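Student: I have a structure open and would like to talk it through with you. Can we take a look together?
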Amino acid sequence: MVDPRILTEAVEPPYAGGGAASRLLSEIWDHLWPWSRNGFQHQRFVQATGLALAAAASVAWVLAAMGDMTPGAIIGWWFGWSVFEVVVRLGSKPYVKDGPWWGSRYRRASVMDMICYVGFKNLLIGATLFLALKSLGLVQI
Amino acid sequence: MKPLSALRGIAMAAILATVSLLSPPAAAQTAYEAKLPPEVNTAPALCDYVPCTDVLPGATSFSERKGQPPYVEGYAEENGQRKLIGYVVLSTDVTDTPAYSGKPVVTLIGLTPQGHFAGIKILKHSEPILLLGIPESALTKFNDQYLGQFVGANIEIGRSRPEEDMIGLDAISGATVTVIAQNQVMMMSGAAVGRQVGILEATVRPQANFADRGRKLDWATLVKEGAVQRLTVMPEQVGLPRSSEPFIDLWYGYLNHPEVGRAIMGETGWRDLMARIKEGEHALFVIRTGGNESFKGSGFVRGGIYDRVQLRQGQDVFTFRDLDYYNLYGVSAPGAPSFNESAIFIVRSPAFSGAFPWKFIFLGNRIDRETGARTFVNFDREYWLPSAYLEGGRPVVKKPDAPWVRVWKTRAVEIGLFAALLIAVAAVYANRDALTRRSTRKNKWPVNAFKYSAWIISIGFVGFGLLAQPSITQVLTWFHSLLFQWQWELFLTDPFIFLFWIFIILTVFVWGRGLFCGWLCPFGSLSELLYKVGRAIGLKRFQFALPMKWHNRLKWVKYAVFFGLLAVSMFSMGLAEKLAEVEPFKTTFLVGLFNRSWPYTLFAAGLLGLSIFMERPFCKYLCPLGAALAMPSTFRWFGLRRKQECDSCKACAVGCGSLAIDEKGRIDHRECMLCLDCMVLYTDEHACPPLAQERKRRTKAGLALTPIGKDGYYIPIKPVAPAAPRA
């Protein structure tokens, strides 16, 4: 029976049921670390490729911080990684939060849900990193 | 009407419009991102590179650049004699004030010898709104309003106010930020020339009375108290590769003050200096402690002007010639840094006063890394002697309002009304439960009265009146501003769009995009109002919705349009702006359906015409702004309510104009316009099948009809256990 009160079926991430503090920490970890043991068991190649691409994207940020990369190149890397992160997460952590951000309702992520989640999250992370580098004078416009 | 043939018609109009707008204009040569020779910014013979005669008619020859900021003199031959007939100034020689694009509008300005604007020509601009939508001729027409006006006049955008001696200029609808910036550029450029050639008199300021407490100040104290200031320019600020070493690192201070003067030059040195300058003249010192660039300028010639440093006090600019320079051999203050260049400059103008704030300006050139072109840029730092250094403290200085502050002040009533509208709509929606409970499927007026009022106000007041139609171009502009040059002032200059976006961002996260798209978007409101009017006047039998199968395919088109625009904007903002014409907003509200070429009119009119027969076709399938807002709507905090029985009941889904309810009764908040029709049914005991069933059962059983709870069901009747018999 489908629950019409939620767009996709409700799911529980591994950390569901814990206290508020541990859930908050787990969610922060979830936002920053897209891989999972379960994901590696099911799609080893995609997850491994994702790790390699994430490492390359991190190197791109470091190069940017050293002044060796233009803003366009950073954005390109970040966008490329974001596309792949969608694929990685759909295999490893295929859920998104539903309702208030301080709540604990999660549901299965459709492809569009994951695009929205990764797009929004990485826009915030990318903007923060970019502005930080810019304010430190490490990225030139 | 067949749905697909109607869509085909709109698609054809869209293709025609796209082909038309992507084709280069046949005759008109626009100044949009025009390629200017690099010499324009630096060559002494400015008029060899720009059409000075266009702005100073009758001039047959021109001088080289002179003065600071530079201008040229224009001459005509009269009876074999050369006669001065005016001046020409390049706006970017005076100010780099950015317009909406974040880049300056490069303007060539001609002035008569009496200080009246004689001609204005836009050489280059980067304004997206003038690329399409509003013709560039509108800016030319705007500039024409300056012709004949005096450079010292009080000129502002808006109504003339003769009682305040204020001349008002008609703005360009939809390009308010651009014209406000342009007005600033025009008046600053005119005044800069006017003050140098004696058209405008310098302001006379009362001179300072210094408080001399006889202290012997060291360098650290001078710096801490603000009597010595520092101006540092980093290489990246002038387009050079980043380096930890500054491009130039300068310290400067005002030497007329006895304590400062003695600390820097020693008692004897300072007394000698004061003896050398006349009363009413002022001395400041400058030392360079970092960088290899000379602040005196490598091209300085005897008799010339030091073209890298100047002072500005209010509107008055003070430059230095060779006679205004004295050597500074050392700094006496203990703890002073070592330096590799130094100078004492003398201000020989009674307009300057040490009691008032002034700015020390370093003039530089920024090198464009791609083209190698140099553009004028200045770096400044304010200096104001501390209160304790002046008898009676600092005088009261009333600084003029920034342009965006003036806009907020002059349009305070409209801003207040607009803010009230936004707050009212949010408040009404926050109380939706009370309204939907008062409504029934047959009488939705408790909800619709507010919603329809919001639509009408949005179309008339917000759309056609204030021209405050949010657009995807703003999202693109902000995205690029975030990356390249974020300026709050730029966005604050359009208060309605600014407030609207605050509202949109907040409500998207609280309730989803529906409150803006469904209640307040001027074009969306117009579109759905046409649909409702069509139904009311008997066109209901022609109205249709796409089959769910097609809707579920076509709804992704808007996301593709959004991502396409975002991707194109990374390579070419200009092309993205052109493609953003997929939004018919400019045609509908900013320019007018009948003021544009036929492809645009056909496209916008086609969409509005289709809206009579189909509910919000543009919003559902094409709107890139809707797509951009739909994505964060995935994570809205509060959604609409459902019951378990909704999984098999189709009552709400059948009536959902947005087609946002799927076959399992689930609401897709990315597509939902928050019309609240389903929420009306949710508590309608005659229309909601589970409720109607329960109502009938209770009525038949003679049970009370308890109020409907938040879960959408009657509050259960719990029998009270009979009291136990007393023992």
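Student: How far apart are the end C-alpha atoms of residues 556–576 of chain B, and how much of the span is helix?
Tutor: This is a predicted model, and in it the end C-alpha atoms of residues 556–576 of chain B lie 19 Å apart, with 90% of the span in helix and 0% in strand.

Student: Which residues of chain B does UniProt annotate as "transmembrane region"?
Tutor: The UniProt annotation, which comes from an unreviewed entry, covers residues 412–431, 452–476, 496–521, 556–576 and 596–614 of chain B. For residues 452–476 of chain B, the end C-alpha atoms lie 31 Å apart, and that span is 76% helix and 0% strand.

Student: At what angle do H16 and H21 of chain B pack?
Tutor: Helix H16 (residues 522–539) of chain B packs against helix H21 (residues 598–613) of chain B at an angle of about 45°, and their axes are 7 Å apart. That angle is why H16(B) is described as oblique to H21(B), and H16(B) passes H21(B) in a right-handed crossing.

Student: Which residues make that contact?
Tutor: From H16(B) the contact is made by Leu526(B), Ser527(B), Leu530(B), Tyr531(B), Gly534(B) and Leu539(B), while H21(B) contributes Leu608(B), Ser611(B), Ile612(B) and Phe613(B). Sorted by class, the contact of H16(B) with H21(B) has seven nonpolar residues, three polar ones and no charged ones.

Student: Switching to the sheet, what is the order of its five strands in chain B?
Tutor: The order in this open sheet of chain B is E8-E9-E10-E14-E13, with antiparallel pairing. Strand E8 (228–233) and strand E13 (325–326) of chain B stand at the edges with a single partner strand each, so one side of each has no neighbour in the sheet.

Student: And how many bridges join E9 and E10 of chain B?
Tutor: Strand E9 (residues 248–254) and strand E10 (residues 282–290) of chain B pair in the antiparallel sense over six bridges, and Tyr252(B) has Val286(B) in E10(B) as its bridge partner. Helix H7 (residues 258–276) of chain B packs on the sheet, where H7 touches E9, E10 and strand E14 (341–347) of chain B, and the direction of H7 makes about 60° with that of E9(B).

Student: Last one: how many residues of chain B are in contact with chain A?
Tutor: There are 21 residues of chain B in contact with 22 residues of chain A. On the side of chain B that touches chain A, the elements giving two or more residues are helix H12 (472–483) and helix H23 (624–633) of chain B. The residues of that side of chain B divide into 10 nonpolar, four polar and seven charged.

How values were computed. Residues numbered from 1 in each chain as written. Chains lettered and ligands numbered in written order. Predicted model: local features only at pLDDT ≥ 70, side-chain atom pairs only at ≥ 80, totals over all residues. Axes fitted to C-alpha atoms, helices over the stretch in contact; angles between N-to-C directions. Helix = DSSP H or I, 4+ residues; strand = E, 2+ residues; numbered from the N terminus. Parallel < 35°, antiparallel > 145°, perpendicular 65-115°, else oblique. Left-handed = near helix turned anticlockwise from the far one by under 90°. Contact = placed C-beta atoms within 7 Å. Nonpolar A, V, L, I, M, F, W, Y, C, P; charged D, E, K, R; others polar. UniProt positions renumbered as here; feature names shortened; annotations may be inferred. Pairing = 2+ DSSP bridges.
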